[in-house]
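Please read the points below with the model open beside you, taking them one at a time.

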Amino acid sequence: MLDDFFSRALVAGVGLALTTGPLGCLIVWRRMAYFGDTMAHSALLGVALAFLFEINLTVGVFIAAMLVSMALLALQRRGALSTDALLGILSHATLAIGLVMVAFMTWVRVDLMGFLFGDILAVSRLDIALIYGGGALVLGLLAWLWRPLLAATVNEELARAEGMAPDRSRFVFMVTMALVIAIAMKIVGILLITALMIIPAAAARRFASTPEQMAVMASLFGALAVIAGLFGSLEFDTPSGPSIVVAALALFLLSLLPYAGLLKRGGSANGRPVP
Amino acid sequence: MLKKSDPTEPARREILVSLKGAGVHRGGRWLVRNVEFDIARGEIVTLIGPNGSGKSTTARTAIGVLKPDEGSVKRLASLTVGYVPQKLAIDWTLPLTVERLMTLTASHPAAEIREALDSVGIAHLARAEVQALSGGEFQRALLARAILRKPDLLVLDEPVQGVDFSGEVALYELIGAIRDRTGCGILLISHDLHVVMASTDTVICLNGHVCCRGTPQTVVASREYQKLFGARAAGTLAIYRHHHDHTHLPDGRVQHEDGSVTQHCHPDDGHHHDHDHHDEAGHAR
């Protein structure tokens, strides 16, 4: 069944969505969407570096994403600029450097659109192995550190006071994010990776009453979006990444319909902010 | 009166946390300096002081959330801390029921969770989302979560914020009862200079340094207190009358009673305070 490119894309995309669900929830809860975006944009720098040093693309992207997150932590500690501004600088600087480097490398043929928006035709058996191997690693790490991660999400000082080592969980969180970006690039593309993490999580919010439920539902919604998006992409000859994101957005909008609230207790979703 | 949680304890005070000359330096200035105090098992220590006086900084240093830049903080090995932070805003995107909040940092049997929620009076809210709780209910939930850990040391940073007065009295009584029942040490923070618990063993007044300290008995001015709150509540709350012999100017310098201005507090400022308070207490009696 993996002989045909569409089946490969489908299998790869579903595997990816199962991984991005829980990670996307953590990104939403921690308000780190822009941080994820910045790491994803650095992926093009990783692609350029991989071509330059002739290493595996996925490895190059993972290294670039990790370097950018480390750079951000170091700059944050200096405290000269707000995190917001630092993210804006890193995000676009790494994307621009990547684009410039690729343009200089006239000896390689680079399908820029494929990297930026995903290319289902390019999914190989090795990619599927990477997605399921990497995905299992990511889910394993998240399951192992779920309690500390959640505690630090609620309140970092509380987590530290009660011996939950929030620094370690933050580091593992960044590693998993870099891993997911590296394996997600081919399916949804650099510019849209964060969308695949965040939109299914946001769609799951109204139906979940515990963090764990929301994580599982985000995975299922993500898988649904991948399937719908890829079929749409095939049908209408649209790029795979944007098609998947559009499908996810449709799911999110459906979740906002009033009937969604009726499935659970009435107004319980309208939480007041805690004073 | 000073209550002892465990009749066997006073003879052998087990020190849970000990701060010696602790100071925290951030953003080019000292948030607190020269803080010294111990918390023993079964003791309630209350930190009071105005906004920005370093109460939270001191408490966070005591439990290891912040590292002191000078001095030392010694904690009992394998100290279990239950912490109720001052600010805890839970993002609406995180679906969290009161029940799930209880097992945030450790798992507990369902029966114990029910018991803890019951002891703070919010058992009926177990399945409510935390974002939908009122300020007082949320504080109670946080308190239940902290005591579920069976902590050696309970640290409560302004536990009565957002609670109305009668709820405040009830919450202070509850905190005293927790100490009596479990024998844990409690570090309590109050921004309110006038209301501290009657069951507090030690009151420490902070303003960038330890201004004064003592048992509430030595600092209570009961006449004004009874006038304000009535005789019945006198057993629960005490007024802490407060006069400084120096004023902290906005630029960080210190103006003394005689009008002189210095860069820092004098090391003996605190002693002046202590005498002041003793005198007041004497007059009040």
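**Notes on the two chains**

1. Strand E1 (residues 15-26) of chain B is joined to E2(B) by 8 bridges, and the two run antiparallel. Strands here are DSSP runs of E with at least two residues, and helices are runs of H or I with at least four, both numbered from the N terminus; two strands pair if DSSP finds at least two bridges between them. Within this pairing, Arg26(B) stands opposite Arg29(B) in E2(B).

2. This is a predicted model, in which local features need pLDDT of at least 70 and side-chain atom pairs count only at pLDDT 80 or more, while totals for chains, interfaces and linings use all residues. Residues are numbered from 1 along each chain as its sequence is written, and chains are lettered from A and ligands numbered from 1 in the order in which they are written.

3. The sheet that holds these strands is open, with 3 strands in the order E2-E1-E4 (chain B) and antiparallel pairing. Strand E2 (29-40) and strand E4 (70-75) of chain B are at the edges with a single partner strand each, so one side of each has no neighbour in the sheet.

4. Strand E3 (residues 44-48) of chain B runs parallel to E9(B) and is joined to it by 4 bridges, with Thr202(B) as the bridge partner of Val45(B).

5. E9(B) also pairs in the antiparallel sense, over 4 bridges, with strand E10 (residues 210-214) of chain B, where Cys212(B) is the bridge partner of Cys205(B). These two strands, E9(B) and E10(B), form a hairpin with 3 residues between them, and Gly208(B) in the turn has a positive phi of about 80 degrees.

6. Chain A, by its own account, has 13 helices and 0 strands. Buried residues make up 50% of its 275 residues, and its C-alpha trace spans about 60 × 50 × 30 Å along the principal axes.

7. Where the chains meet, 28 residues of chain A are in contact with 28 residues of chain B, a contact being two residues whose C-beta atoms, placed from the backbone, lie within 7 Å. Helix H1 (5-29), helix H7 (146-154), helix H8 (156-161) and helix H11 (211-236) of chain A each supply at least two residues of the side that touches chain B.

Notes
A residue is buried if 20 or more other C-beta atoms lie within 10 Å of its own, exposed if 12 or fewer, and partly exposed in between; C-beta atoms are placed from the backbone.
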